[in-house]
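Welcome! Take a moment to look over the structure below, and then we will walk through a few of its parts together.

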Amino acid sequence: MSQWLTKVIDVAQENQDFLAPVRQQAITQLQQAGWPSQRAEQWRFTPLTPLKDRTFSHAQATDSVSVPEIPGLDAIDIVFNNGTLVTSLDELALPQGVSIVSFAQANAQQQDDIKTLFGRIKPQAHVFGQINDALSHHGVMIDVADHAEITPVIRLINLTSADSDNHTRALVKLGQHSHAKVLEFGQGEHDSMNTAVAEYSIGDHASLEHYRFAFYTANAKAVGGTHFKLGESSNLNSTVVGYGSQLSRLDIDIWHSAENAFAKLNAIYLLAEGELFDLHTCIEHAQPNGTSEENARGIIGDGARAVFNGRIHIHRDAQKTLAEMNNRNLLLSRRALVNTKPELEIYADDVKCAHGATVAEIEGSELFYLLSRGISRQKALVMLNFGFIQELVNDIPNKAIASWLQPKLSERFAHMEVK
Amino acid sequence: MLSIKNLHASVEEKDIIRGLNLEVKPGEVHAIMGPNGAGKSTLGYVLSGREGYSVSEGDATLNGKNLMEMEIEERAREGMFLAFQYPVEIPGVSNMEFMKESVNAIRQQRGEEALTAAEFLKKAKDACKQVQLPLDFLKRGVNEGFSGGEKKRNEIMQMILLEPSLCILDESDSGLDIDALQVVADGVNSQRDGKRSFVVITHYQRLLDYIKPDFVHILAEGKIVKSGDASLALEVEKSGYGFLGKKYEGETA
């Protein structure tokens, strides 16, 4: 057992609320399974050593935190600081058709709604998902009414400003034929541990534009998940951006629970020297006529390690499924590493499923061309590699978010050395 | 301007340039002609500093500065421009972004202010029109999906924007039809101002009908074997490269 996990279980048992039964279930699972073995396939390339004997620490929210400004973005901000919800939800000016309530303030009816979603979409057997189940007292439920069109982007912002344990939760329910945009944002460089989990239920014919930006760096540890359940003819467009840190892991699950749903997932990861980022994605095609398109692209710096595990599971009934998955990696040094693994399990016979993975180094003739025009080596490398990432940035449906993101990524890249 | 003395260069340990001498003064246009394998393109690459080309002997200076001690980008900032025979396609990097970066790097070297996006756009549009490329080529990926002729015109557009002091044109005529050739030549001629120098590398005399050289040199087996004025090019066109020896018989220019 790990010292940290023992403390997690102790803390969880002391705190009880209306979610006690489901939290207790998670605690029991944690007690039974114990700390994951390094041989476990899930953690094969991602050592959990930095967490095992970590000191569990609770930090207070600080008075002022600076929320990232995205110029030109119409946003509704829900802010967690060091794991504590600091936004007064009552004071938010919300458009018609959306309601947001915290777990702590939910009335009986709202508690019932929360219970019908909490833990129902994410996979059961994930140790950090269970830890979040057990500890996520700071959480919100966002409910979008049938047919509602919510224009502002709802931002779920997790900021860490101290060494802390942060276990926040978001539940998002999109009614039939509704449309919403949600951005999950996490940032921190302290010695924190973050397990932000979000579960989305996208109703029939509804559409969600989604972002998850995991900007944890340095000593921060982040093992979080975003889990989607897609209704009939629903539409998901998700963009994930990850930086690397001492330990960064993100699990994205997309569950086609009804026919004819469409999901697009673009993921970008940029790892500087010595960092780790692990992206596990799983697309469950449980019903017929579903489509999924997944593109993950990463640049990996000296001594850094990326892990990409892309699973596609096409169930026996999911005929006429179209599933595509592609992973491209660019290594900036001989000591950069990526472990990329497609995992395809197909039980239906009338499907189209394609996957590919590439690992490349920089093309000499392209570099020479830019240098011969007077562009510095550093800048030329940024431009060349950005081309590779740029396509996914260009694909972001919200222009304000795309124009804010692009210089951030190129600046991060500019500090990465090519060796 | 450009001074090359007894230059020897090799690629993968194979000697390609073997004792080449060339003096180019401000405002002059020098044509370098020669049969296949003479070392014409190698000369352009050695001067611009491409990796894999090593100089074993001799030297080359640009405006009195030793080129061989300069990085690739420094040579460009010093005023050298190589128009590629086969321009590289770089999907994902827009032509506009590429050229703006390049122009501003060179302006910075000259101690000039960087151009704003608006100032650059105006210049780029003018240059784009001048080489008769549609304006949307500025937004496309660098050379991405361009035809052979469009790539060559894109090179000339860059030359116009960068205002180099020495332009080396590496077979800028290859693969062009007569109209495209005219556009490329007009672009080059518009940049002749009495100070800017040109080294025009070509296999065929045809281009020299449009870009009138002051000097013509014949390059064979890594060195200049014959020099003259424009009439030398016409002579080579008429009789081919056969005068260089038996193995060049039948190779036309």
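## What the record lists

For chain A, UniProt lists residues 11-155 as "domain: SUF system FeS cluster assembly SufBD N-terminal", in an unreviewed entry. UniProt positions follow the numbering used here, feature names are shortened, and annotations may be inferred rather than shown by experiment. In this predicted model, the end C-alpha atoms of that span lie 28 Å apart, and the span is 28% helix and 19% strand. Helices (H or I, at least four residues) and strands (E, at least two) are DSSP runs, numbered from the N terminus.

For chain B, an unreviewed UniProt entry gives "domain: ABC transporter" for residues 2-246. Here the end C-alpha atoms are 33 Å apart, with 33% helix and 29% strand in the span.

Residues are numbered from 1 along each chain as its sequence is written, while chains are lettered from A and ligands numbered from 1 in the order in which they are written. Because this is a predicted model, local features need pLDDT of at least 70 and side-chain atom pairs count only at pLDDT 80 or more, while totals for chains, interfaces and linings use all residues.

## A helix pair in chain A

Helix H1 (residues 3-14) and helix H5 (residues 127-135) of chain A pack at an angle of about 30°, their axes 9 Å apart. Axes are lines fitted to C-alpha atoms, for helices over the stretch in contact, and angles run from 0 to 180 degrees between N-to-C directions. H1(A) and H5(A) are therefore roughly parallel to each other (angles under 35 degrees; over 145 is roughly antiparallel, 65 to 115 roughly perpendicular and the rest oblique).

Which residues meet in this pair? A:Val8, A:Val11 and A:Ala12 of H1(A) meet A:Ile131, A:Ala134 and A:Leu135 of H5(A). Contact means that C-beta atoms, placed from the backbone, lie within 7 Å.

## One face of H6 in chain B

In H6(B), the buried residues are B:Leu181, B:Val184, B:Ala185, B:Gly187 and B:Val188. Down the axis of H6(B) they fall within an arc of 155°, so they line one face of the helix. The arc is that of the directions from the helix axis to the C-beta atoms. On the other side of H6(B), B:Asp179 and B:Ser190 are exposed. Buried means 20 or more other C-beta atoms within 10 Å of a residue's own, exposed 12 or fewer, and partly exposed in between, with C-beta atoms placed from the backbone.

## Where the chains touch

The contact takes 19 residues from chain A and 19 residues from chain B. On the side of chain A that touches chain B, H7(A) gives the largest share, 8 residues.

Definitions and conventions
Contact = placed C-beta atoms within 7 Å.
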